[in-house]
Amino acid sequence: MQKIFVKYTVIIITGAVFLILFINFLFSWRMLESQQAGAFRAKIEQIIHTLENNKAELALMNENLDEDYLTRAKAAAYVLDHLEEVMDVSEMQYLAKLLNVDELHYIDENGMIVAGSVSKYVGMNMADHDQTSAFLVLLDRSREQNWLIQEARPNAAEGKNMQYIGVAGKRLKGFIQVGFEPKRLMEAQSRNTYDYIFSRFPTDAAEEFFAVDGATGEVLGHSDHIDRQFTAECYQLEELEENSRGIYKNGPDSRPMFLVCRSYEDVLICAALPGEVIFKKLLSGTLRTLIYLLLIEAAVLFLLNYLVRQKVVAGMHRMIESLAAITNGNLAMTVAVGGNREFEELSAGINTMVKSIIQISNRTSAIIEMSGIPLAAFEYERGTGHVFATSGLGTLLNISNETIAGLCRNADRFDQYIRQIMQNSIEGEEDVYPMSDSKYVRIHLSEQQGKKLGVITDVTGDITEKNLMRYENTHDSLTELYKYQHFQRLAENLLQTMPAGKICAAVMLDLDYFKGINDTFGHDVGDRYLQSFAAVLRAMPPEHCLPARRSGDEFCMLIFNYENRSDVIGQLEHFYEMLGKNLVTLTEKQARTISASAGFVWTGDAGSALSELLSRADEALYQVKKRAKGTYGEYV
């Protein structure tokens with residue numbers, strides 16, 4: 001019997017080993033592909049995140065440069081407006097140097113360049129080229145906007161890449177044009193190319209990243225630079241598609257490549273790895289698994305042979321008979337197989353297991369209570385009079401033990417109570433409900449064979465952390481005001497939904513003499529100065545005022561939900577009154593009130609463009625800063 005037992009045991013275990021090995025091979029293959037696809041997805045997301053950050057920085061740089069250039073152009077127009085005669089070339093060059101601009105031209109009412117810092121441009125007709133003719137609209141005095149900012153492009157005279165800004169004069173019949181070589185902007189744009197980002201993105205051995213234009217199929221960038229041939233199948237647009245799980249395509253030298261592709265702005269961003277790398281990892285893992293399984297098989301065979309030698313077969317038969325009785329429902333059956341110590345211990349273990357099965361519900365409740373984990377479970381069937389619940393349920397639901405005991409005596413009342421809680425879910429969270437202002441729970445409820453099963457866990461920490469992250473994403477850390485991007489979303493929504501008959505005002509604010517405070521007393525005092533100013537902004541009534549920090553010492557505010565202008569003026573007066581009472585300590589012996597200038601513009605039209613309102617408010621602020629700092633003025 002021993003030989004037969006060992007013979008068939010060897011056959012079965014050996015077959016099981018190779019079956020397990022085969023299943024492990026398939027599972028490991030899929031797992032390695034899944035892990036690699038997950039790693040590629042994460043890296044592609046990092047690349048997209050880098051692109052988004054670069055775009056945001058580029059847009060901010062472009063906006064700041066446009067504002068700076070426009071300011072210089074207006075300054076040039078102001079100077080030339082107050083001259084009795086046109087400057088010659090040397091004088092124009094001197095003025096251009098003072099304003100730190102590369103070119104400065106004066107165009108008369110006929111569209112001719114009659115004076116400029118570049119002598120060879122004097123006498124040019126602006127109407128002769130589409131690049132220059134775009135500025136002729138400034139000769140129209142009925143035009144509301146008296147300036148024009150042109151994107152960087154080759155100029156008409158030399159094809160040199162320049163950015164021009166034109167400003168119509170108030171006394172001059174023509175307009176002033178200034179030009180800049182957009183070196184900083186071009187450098188920033190070059191850093192936002194796929195080839196630049198891929199060449200600096202960290203990759204593992206044999207990995208490669210590339211981007212393919214979704215319209216033309218052109219390879220826009222590659223981690224090994226773009227100066228190479230891309231004739232392999234894996235680089236062809238018709239062979240690629242957005243695939244987050246990974247696909248195989250032929251690469252260079254017809255080697256299979258494992259690819260993960262993600263579509264972004266009509267561009268396929270792809271990550272690739274030679275299939276042989278994955279196969280080598282798979283082969284290495286499979287070989288180790290085979291060795292482990294063979295060692296386990298040898299140990300199991302040795303153990304089984306030992307048990308057979310100890311004449312366990314007879315005892316096993318008696319034990320099987322006892323187990324059959326237990327399986328048939330005789331849980332009072334006691335297994336008693338003697339003859340050796342192992343059988344006696346096994347019999348005792350089986351008897352203990354049967355008792356554990358009988359008491360499993362009580363043990364489960366006790367284990368949950370002893371673990372200290374904020375978790376509770378319950379089970380009930382509607383129409384019955386009892387609800388099974390662990391002891392921590394009342395604490396999680398914020399009710400007393402007496403109340404939960406009463407609910408557990410009636411399944412229908414308990415079901416109604418739970419469903420009432422589940423009607424008030426938290427937006428954006430699955431199965432999460434508030435128990436109080438500072439406590440949240442997650443409730444999982446399922447039904448099996450007519451019985452309701454539920455688990456409640458305390459997720460207060462997770463929800464609190466998410467709420468903190470949301471606050472940090474929308475508020476400036478120094479001033480606790482809204483960040484400018486979040487302010488834009490809120491303000492645009494208020495403008496779009498402004499009721500008929502209501503008016504609002506966009507306000508731009510700027511701290512006066514702030515640079516001097518920073519330079520004289522240090523950045524810590526400067527930060528306290530900003531925080532004190534922000535505290536006054538935060539004290540404005542939130543039902544009428546939406547303040548934000550734009551950048552540095554610049555702030556903006558939307559005053560809304562008023563029916564007449566006097567209320568808005570009153571709100572501004574109240575703000576400046578509060579500002580005048582707010583003393584900021586600069587040193588132990590010195591304190592001062594905050595001086596700030598503001599410009600504002602009205603609108604009563606729902607759907608007004610926020611960017612245009614802020615631009616006009618900024619222009620009003622500029623005039624106030626020139627006229628009388630520490631006050632406010634309306635855009636005219």
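Reader: Which helix gives the largest share of the nonpolar patch?

Author: Helix 1, residues 2-81, does, with five residues. Keep in mind as we go that this is a predicted model.

Reader: What makes up the nonpolar surface patch?

Author: Leu 19, Phe 22, Ile 23, Leu 26, Trp 29 and Tyr 248 make it, and its area is about 580 Å².

Reader: Why is Leu 26 called partly exposed?

Author: Happy to show you! Leu 26, a residue of helix 1, has a relative accessible area of 37%. Buried means under 20% and exposed means over 50%, with partly exposed in between.

Reader: What makes strand 7 mostly covered?

Author: Six of the six residues in strand 7, which spans 208-213, are buried. Glu 208, Phe 210 and Val 212 point one way, Phe 209, Ala 211 and Asp 213 point the other way, and all are buried.

Reader: How do you know that strand 7 pairs with strand 11?

Author: Two strands pair if there are at least two bridges between them. Six bridges join strand 7 to strand 11 (residues 267-274), so the two count as paired, and they run antiparallel. As an example, Val 212 has Leu 268 of strand 11 as its bridge partner.

Reader: And how do you know that strand 7 pairs with strand 8?

Author: The same test works here: at least two bridges are needed, and three join strand 7 to strand 8 (residues 219-222), also antiparallel. Ala 211 stands opposite Gly 221 in strand 8. The two strands form a hairpin with five residues between them, and Gly 217 in the turn has a positive phi of about 80°.

Methods. Residues are numbered from 1 along each chain as its sequence is written. This is a predicted model: local features need pLDDT of at least 70, side-chain atom pairs count only at pLDDT 80 or more; totals for chains, interfaces and linings use all residues. Side-chain values use heavy atoms; hydrogens and water are left out. Buried means under 20% relative accessible area, exposed over 50%, partly exposed in between (1.4 Å probe, protein chains only). Helices (H or I, at least four residues) and strands (E, at least two) are DSSP runs, numbered from the N terminus. Patches are made of residues with over 30% relative accessible area and no salt bridge: like charges are joined within 9 Å, nonpolar side chains (Val, Leu, Ile, Met, Phe, Trp, Tyr) within 5 Å. Accessible areas come from the Shrake-Rupley method with a 1.4 Å probe; for residues, only the protein chains shown count as cover. A salt bridge is a side-chain nitrogen of Lys or Arg within 4 Å of a carboxyl oxygen of Asp or Glu.
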